[in-house]
Amino acid sequence: MNLEEYKGVFVFAQQVDNELSGIALELVGKGKDLAKDLGTEVTAVLIGSQVKGLCTELAEYGADRIIVVDDPELKEYRTEPYAHALAEVIRKYKPEIMLIGATAIGRDLGPRVSARIHTGLTADCTQLDIGDFPINPVPGKEQKHNQLLMTRPAFGGNTIATIACPDFRPQMATVRPGVMQKAPRVEGAQAVIEEFNPGFTPDNKYVEILEIVKAVSDIEDIMDAKILVSGGRGVGSPENFKLLEDLADAVGGTVSCSRAVVDAGWKPKALQVGQTGKTVRPHVYFAVGISGAIQHLAGMEESDIIIAINKDETAPIFDVADYGVVGDLNKIVPMLTEKIKEAKAQK
Amino acid sequence: MKIVVCIKQVPDTKGGVKFNPDGTLDRSAMLAIMNPDDKAGLEAALRLKDQYGAEVTVITMGLPKAEEVLREAMAMGADKGILVTDRVLGGADTWATSQTLAGAIRNLEYDLIITGRQAIDGDTAQVGPQLSEHLNIPVISYAQNIKIDGDSVIVERQYDDRYHVLKAKMPCLITALAELNEPRYMTPGGIFDAYDAEITVWGRANLVDTLDSNLGLKGSPTQIAKASDKVRKGAGEKVVLDPAESVDYIMDKLLTKHVI
């Protein structure tokens, strides 16, 4: 493998039902930063059926170039045709970096593709940098420059590791949604668009989709909320979440929850914050009756302001809270809701 | 039907993680358990065995001590246990691990391979799909429900806001979620039998169609640049006040930070 042949930062522009996923634009934004450090360009790889209309949005969010693989076989996500499309794009265009969202799609697609083209893949990254490997010079070992350094939590968020892929290309990572920032949208920005079709020949690996069942819900995406009022087991019952809903209404926020609440069947999985739920970084995060297991903290500790209300003074949530209040949520939350309403009415 | 289930022995991270003074993980201070997603995968296999009749083989790659999870699996109802262990396999990343498992599984006949979605020590979710690629068979990740239909499996495959009902011809690989089911307990008779059961032990020489350059630390494309205990944002203020004062305290912060 001649590593020098591999150039450019590529990102997988995930779309579902011909709508770009948030992670697609986040990866374009992060890819642009990395490309700048390397003196190269960011290319979005758009895979689907009848998806060319999404190019404008990708260009306006910063893609320099877009490779479109458009084929009826790619209408719904299936592992094999998507892996074939992406692997063939990599073989033809030889990127030095390939980023994929760590979503239910990307965490299936990424490993299949990395195994096919024989390169390394680092899962669920929360930070990406360009730097040297080894980070500090080691006698007798070549220090390579301009490497992708991929940082990720491990052991349930207890440790953090930085991984490199010095001898294989592309350097591949899946990236946790909600962590990287989109670039500001530039109306009218243009990208070079190239169409590429490697040809699709269905075989046993093209599994058949018998049925698609969409969850019916009008749930707001907690990853987009500016203010989250999040409840844990300490809320006590599903009915008692009314207190949090009232607070969320008063303050202009959205209700979310911890894993314990989902496991107890009080709230749907879509509202779960944490390692096995969603990563959120709202302006304000109210942690109400949440003890703060390490897996929960991994999903919310990047919030700008964290306000914790918990009766247990030793709860680990207080280790990350900007403002911690030790007390009974049943007394404090309703009073707080009233005070916020009064303050808003006076404005 | 023949089912192979891949399982891994992992440190239990639930009770927190213990570190050695040099910052590396103190595995000896933590309980070693069968990875929860793998246990769900095993339970799914055992239910297929109950329903349709099947031979269930569990396989693990690890240190000799990983034999413990094979015996646990056999006490739950698995028929055969295979331990893949060799010094040259140490330090493997997901590429080298999936290469090793593929090399071992090429010795076996199988209709279905079930792996857990991810292990709680690495959380990568990569080995299952990578293994399926090396064996050139279809993969269905994030399985919620598994049924057999003639020479095919029908599986509910979970996504963020939907699920797909998928049909794949066997042989096929499925990755299971811990939410899939409630694993059964070991039976006293099962424990007794599993204690005496013979475990097959394989080393490097038993791996079929596997290059040395794809094994262990040397065969791993990814390398660790740095590992550290996570640095958390420091704690802020913590107050213990009566409820009315608590509310005033929060209001003061919300107003000075222009939240309201």
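Mentor: A residue counts as buried if 20 or more other C-beta atoms lie within 10 Å of its own, as exposed if 12 or fewer do, and as partly exposed in between, with C-beta atoms placed from the backbone. Helices (H or I, at least four residues) and strands (E, at least two) are DSSP runs numbered from the N terminus. This is a predicted model, in which local features need pLDDT of at least 70 and side-chain atom pairs count only at pLDDT 80 or more, while totals for chains, interfaces and linings use all residues. Residues are numbered from 1 along each chain as its sequence is written, and chains are lettered from A and ligands numbered from 1 in the order in which they are written.

Trainee: How do you know which strands pair with strand 4 of chain A?

Mentor: Pairing takes at least two bridges found by DSSP. Strand 1 (residues 9-12) of chain A has four bridges to strand 4, in the parallel sense, with Val9(A) opposite Val42(A). Strand 5 (residues 65-70) of chain A is also parallel to strand 4 and joined to it by six bridges; here Ile47(A) faces Val69(A). Both pairs therefore pass the cut-off of at least two bridges.

Trainee: Why is the unit of strand 4, helix 2 and strand 5 of chain A called right-handed?

Mentor: The term applies if, with the strands pointing away from the viewer, the path from the first strand over the helix to the second runs clockwise. Strand 4, helix 2 (residues 55-60) and strand 5 of chain A form such a β-α-β unit.

Trainee: Over to chain B. How do you know that the span of helix 6 agrees with its length?

Mentor: The expected span is 1.5 Å times one less than the number of residues. For the 14 residues of helix 6 (residues 243-256) of chain B that gives 20 Å, and the end C-alpha atoms are 20 Å apart, so the two agree.

Trainee: Which residues of helix 6 of chain B are buried, and what puts them on the same side?

Mentor: They are Ser246(B), Val247(B), Ile250(B) and Leu254(B). Taking directions from the helix axis to the C-beta atoms, they cover an arc of only 95°, which puts them on the same side of helix 6. Ala244(B), Asp252(B), Leu255(B) and Thr256(B), on the other side, are exposed.
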